[in-house]
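Have your viewer open and follow along.

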Amino acid sequence: MKKLLVYLKGSRLQCVLAPLFKMFEAILELFVPLVVAGLIDTGIAASDKNYIIKMCLLLVLLGAVGLAFSVTAQYFAAKASVSFVKRLKHAVFEHIGKFSYTQLDSAGTSTLITRMTGDMDSVQNGLNLTLRLLLRSPFVVIGAMVMAFTVDSKAAITFAVIIPALSVVVFGIMFFCIPLYKKVRFALDKVLCTARESLTGARVIRAFCKEDEQVKEFKERNDALTVIQEYTGRISALMNPITCVIVNIGIAVLIYAGAIRVDAGLLTQGAVVALYNYMSQILVELVKFANLIISITKSVACAGRISAVLETPVENDDGTEKISAESENIVEFRNVSFAYDGAGDYSLENISFTARKGETVGIIGSTGSGKTTLVNLIPAFYRATKGQVLVGGSDVTEIPLEELRAAVSVVPQKAVLFKGTIRKNMLWGKPGATDEEIMKALEAAQAAEFVMQKDGGIDASVEQGGRNFSGGQRQRLTVARALIKKADILILDDSSSALDYATDAAMRKAIAEWQGDTAVFIVSQRTSSIMHADKIIVLDDGCASVGTHEELLKNNAVYREIHLSQFDEEESA
Ligand SMILES: Nc1ncnc2c1ncn2[C@@H]1O[C@H](COP(=O)(O)OP(=O)(O)OP(=O)(O)O)[C@@H](O)[C@H]1O
Ligand SMILES: [Mg+2]
């Protein structure tokens, strides 16, 4: 938590000025009842018109200056809290960018999004309120009590009874409600989760006719939220009536005792009105203070969640080794085993193979056999649990990440495009690429034709996630983006799964022409996509067999089975 305070550094002055101006405003407010008392006792009692006008003008002046102080305080508080959250957001965003795949897996995307949005808003509100009220409210409560005693110490004894009674009610209800608010937040998270799932998966839900079930689940969660919200609402709603009853009893006592003392000539009428006004001020400030504490509690919980993200240690990137151009093998796996964090079993076991520059390596295996896991170890998205992965003769954990990732171009299994234009997406592969280079990459990826048919060609817009393209089009665009990078290693993870055989074959041919010294890893479920590779790795439940198409057909039952099951299909294609 303390870690977050450093982001207040740039706003130190505003953090001092905001409460200071709020205090000035409070001091002026404390004088108002005294002016009113003077107005009644001196002005009205003596029918002194001039005095009345003077006092009225003084009240207006107090109000105007108080307003100016208040606006100034709000300005500084808003500026400090917005700047603080802005700095914090930048820091968290940058930190998440350094998370390893393992950390992203364990954190989960949706909670990271909540922490970057809802939690940040809550911290911003909390800080804003704290700067404005944390000093002001107790100051007004104590100040009003002190002023009441200066007006008339005997009558002010009522305050000494009422304030503790009010405090017990206000803070009692507040402490009772805080855990309930947490429950409300939890129930709200659940409703939001169902809503998000329903919206993102709307088509699948309809395709499986699951609308009724989804509506039922949403209703259940929403009802649970309503119940807990109503319960919390009922309890917190007690605050106003109970405090009003106490204050009104106090006021009745005050007026009664005041009347007796006025009658006896010990107190003026104006003083009674002033005491009454102080009582009201105290009530308002105590309720504000209670709400402030609720806000602070919420913000502190949210700040804790944000702080947890910042405190997660990131991948250390202190490698100093180089990728050697002379190394015989561009990629080498030495007895590599890998298990995901928290998973009991190994997803890859004891894998060894080498790949030279310019070679093509095919990787095949049934779904869940570990193909994606294997290729993810090359750019060190995950780190081997046992054994060593070498790129250019150096252990990937010893190579600076920037250098390693520059040497590897990946087309992930899930085709991801970013909102913008096709050109903008292509420039991710190579900043500053010319139109000619972009077109060449698009042609090799068999994407040029459909891109040219789009309005604007390579400047055609891409919607969020590339949803204005078909699955196969998206795949080809991600392949083009990787080709344009022209790295030492190219990884295509099932990148032709949505393509027909002819387009797949044309793309493979174009990539072979483009390949040069690049080592290409092709992950596929189809033997036709990899049968011409220099080396084929067959994965079966995390274990690998390596060979050529002919060798594997002869010696590897899994490969033979996959090939034969697809043979007829390919023949007829
Ligand atoms: N992020 C993850 N966390 C935990 N386990 C995982 C994770 N990703 C994959 N696995 C597990 O590792 C094993 C291998 O998964 P992998 O994604 O490498 O398979 P694959 O061969 O690429 O399958 P597919 O052909 O369906 O893409 C599976 O049993 C899977 O459940
Ligand atoms: Mg996969």
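This is a predicted model: local features need pLDDT of at least 70, side-chain atom pairs count only at pLDDT 80 or more; totals for chains, interfaces and linings use all residues.

The contact between them draws on four residues from domain 1 and four from domain 2. On the domain 1 side, the residues touching domain 2 come out as one nonpolar, two polar and one charged.

## Helices H2 and H12

Next up is a pair from the helix list: H2 (residues 12-44) and H12 (residues 269-311). They pack at an angle of about 155°, and their axes are 7 Å apart. An angle over 145 degrees counts as roughly antiparallel, and H2 and H12 are therefore roughly antiparallel to each other. Their crossing is right-handed.

Who does the touching? From H2, the contact residues are Glu29, Pro33, Leu34, Val36, Ala37, Gly38, Ile40 and Asp41. H12 answers with Gln269, Gly270, Ala271, Val273, Ala274, Asn277, Tyr278 and Gln281. Sorted by class, the contact of H2 with H12 holds nine nonpolar, five polar and two charged residues.

## Helices H8 and H11

Helix H8 (residues 157-200) and helix H11 (residues 239-263) cross at roughly 180°, with axes that come within 10 Å. That angle makes H8 and H11 roughly antiparallel to each other.

On the H8 side, the contact uses Thr158, Ile162, Ala165, Leu166, Val169, Val170 and Ile173. The H11 side includes Met239, Ile242, Thr243, Ile246 and Val247, along with Gly250, Val253, Leu254 and Ala257. How do these residues split by class? The contact of H8 with H11 has 13 nonpolar and three polar residues, and no charged ones.

## Around ligand 1

Ligand 1 is surrounded by 14 residues, and the closest are Tyr340, Thr367, Lys371, Thr372 and Thr373. Which helix gives the most to this shell? Helix H13 (residues 371-377) does, with three residues.

By class, the shell around ligand 1 has nine polar, three charged and two nonpolar residues.

Notes
Residues are numbered from 1 along each chain as its sequence is written. Chains are lettered from A and ligands numbered from 1 in the order in which they are written. A residue is near a molecule or strand if its C-beta atom, placed from the backbone, lies within 6 Å of it. Helices (H or I, at least four residues) and strands (E, at least two) are DSSP runs, numbered from the N terminus. Ala, Val, Leu, Ile, Met, Phe, Trp, Tyr, Cys and Pro count as nonpolar, Asp, Glu, Lys and Arg as charged, and the others, Gly among them, as polar. Axes are lines fitted to C-alpha atoms, for helices over the stretch in contact, and angles run from 0 to 180 degrees between N-to-C directions. Angles under 35 degrees count as roughly parallel, over 145 as roughly antiparallel, 65 to 115 as roughly perpendicular and the rest as oblique. A crossing is left-handed if the near helix is turned anticlockwise from the far one by less than a right angle, and right-handed if clockwise. Two residues are in contact if their C-beta atoms, placed from the backbone, lie within 7 Å.
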